[in-house]
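Subject: Structure handover

Hello,

Here is the structure I promised to pass on. Please open it next to this email. My notes follow below.

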Amino acid sequence: MDQLELQRELRRLNTEVEIAATKMDVFFCDLQCLHRLLVKCQDLLNNTHSNNDGNNDLMLIKQSQAEIIIELEETSDFHQLSEVCENAEIYISSSADLAITQRSQMLDKMADLNGIKPFLFKLTEQQQLELGNQVTKLMLARLKSWEEVTELVEGNIQFADLPDGGQTLKKGIDALCQNKSFTPIRL
């Protein structure tokens with residue numbers, strides 16, 4: 001391994017350590033909260049037994065910061081698959097085995113609908129992951145929103161509907177596909 005590869009590996013390992021430390025911090029915070037609630041439950045039960053007057057009222061333990069907020073964001077299948085694939089390239093613990101093929105098929109279909117020869121199906125899964133991530137990033141940079149990218153991938157809009165007829169996007173995708181590190185496998 002040369003020095004550049006060692007530095008890259010060190011950064012990757014540091015990232016993994018940070019992820020593990022963050023998870024551990026969350027677990028410790030949960031553990032502290034559980035301990036506090038258990039102590040409150042024990043106190044409540046002890047007070048109930050000592051003050052038992054035959055009344056079986058319902059007892060609740062309420063925390064002042066016990067509020068749950070849930071936000072749901074609607075997103076497309078392509079966006080979800082792309083997030084999984086992007087994370088798999090960054091984090092070792094992420095796996096995109098189930099997402100790579102689906103996303104590659106969607107990108108190849110988009111390419112075919114826009115007059116580009118489908119290109120991902122000829123590559124290995126790792127190459128599909130890397131090239132698919134690059135194509136997705138390119139489309140997001142050019143189109144500026146996931147909604148537009150989704151519309152293009154799903155075939156609701158074509159390259160011809162884009163400013164400049166989609167020529168810059170088409171040239172960018174062609175340039176990525178010509179990269180020599182993405183040599184097609186022999187079928």
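What pattern does the protein chain follow when read along the sequence? It runs α-α-α-α-α-α. That is 6 helices and 0 strands in the protein chain. Please keep in mind that this is a predicted model. The protein chain has 187 residues, and 25% of them count as buried.

Helix packing

A general point to begin with. Two packed helices are described by the angle between their axes and the distance between those axes.

Take H4 and H5 to start. Their axes are 8 Å apart, and the packing angle is about 120°. H4 and H5 are therefore oblique to each other. The crossing of H4 past H5 is right-handed.

Now H4 and H6. Their axes come within 10 Å and cross at roughly 160°. That makes H4 roughly antiparallel to H6. H4 passes H6 in a right-handed crossing as well.

The aromatic pair

How many aromatic pairs does the structure hold? The count is 1. The partners are phenylalanine 78 and tryptophan 146. Their ring centres are 6.4 Å apart and their planes stand at 55°, so the pair is tilted. Planes have to be over 60 degrees apart to count as edge-to-face.

Where do the two partners lie? Phenylalanine 78 is in helix H2 (residues 77–90), and tryptophan 146 is in helix H5 (residues 146–153). The pair therefore ties together parts that are 68 residues apart in sequence.

Are these two residues buried or exposed? Phenylalanine 78 is buried, at a relative accessible area of 0%. Tryptophan 146 has 18% relative accessibility. The cut-off for buried is under 20%, so tryptophan 146 counts as buried too.

Cysteines

A disulfide is a covalent bond between the sulfur atoms of two cysteines. How many disulfides are counted here? The count comes to 0.

Cysteine 33 shows why. The closest cysteine sulfur to its own is in cysteine 29, 6.9 Å away. The cut-off for a disulfide is 2.5 Å, so that distance is too far for a bond.

Cysteine 33 is partly exposed, with a relative accessible area of 36%. Cysteine 85, in contrast, is buried, with a relative accessible area of 0%.

Glutamine 127

Glutamine 127 sits in helix H4 (residues 125–143). Its relative accessible area is 14%, so glutamine 127 is buried. What lies 3.1 Å from a polar atom of its side chain? That is the backbone nitrogen of threonine 124.

Aspartate 174

Aspartate 174 belongs to helix H6 (residues 167–177). Aspartate 174 counts as partly exposed, at 31% relative accessibility.

Where to look

Go to phenylalanine 78 and tryptophan 146 for the tilted pair. Go to cysteine 33 and cysteine 29 for the 6.9 Å sulfur distance. Go to H4 with H6 for the roughly antiparallel packing.

Best wishes

Note on methods. Residues are numbered from 1 along each chain as its sequence is written. This is a predicted model: local features need pLDDT of at least 70, side-chain atom pairs count only at pLDDT 80 or more; totals for chains, interfaces and linings use all residues. Side-chain values use heavy atoms; hydrogens and water are left out. Rings of Phe, Tyr and Trp (its six-membered ring) pair if their centres lie within 6.5 Å; planes under 30 degrees apart count as stacked, over 60 as edge-to-face and the rest as tilted. Helices (H or I, at least four residues) and strands (E, at least two) are DSSP runs, numbered from the N terminus. Buried means under 20% relative accessible area, exposed over 50%, partly exposed in between (1.4 Å probe, protein chains only). A polar contact is a pair of N or O atoms within 3.5 Å; within protein, one must be able to donate a hydrogen and the other to accept it, and residues adjacent in sequence count only if both atoms are side-chain atoms. Axes are lines fitted to C-alpha atoms, for helices over the stretch in contact, and angles run from 0 to 180 degrees between N-to-C directions. Angles under 35 degrees count as roughly parallel, over 145 as roughly antiparallel, 65 to 115 as roughly perpendicular and the rest as oblique. A crossing is left-handed if the near helix is turned anticlockwise from the far one by less than a right angle, and right-handed if clockwise.
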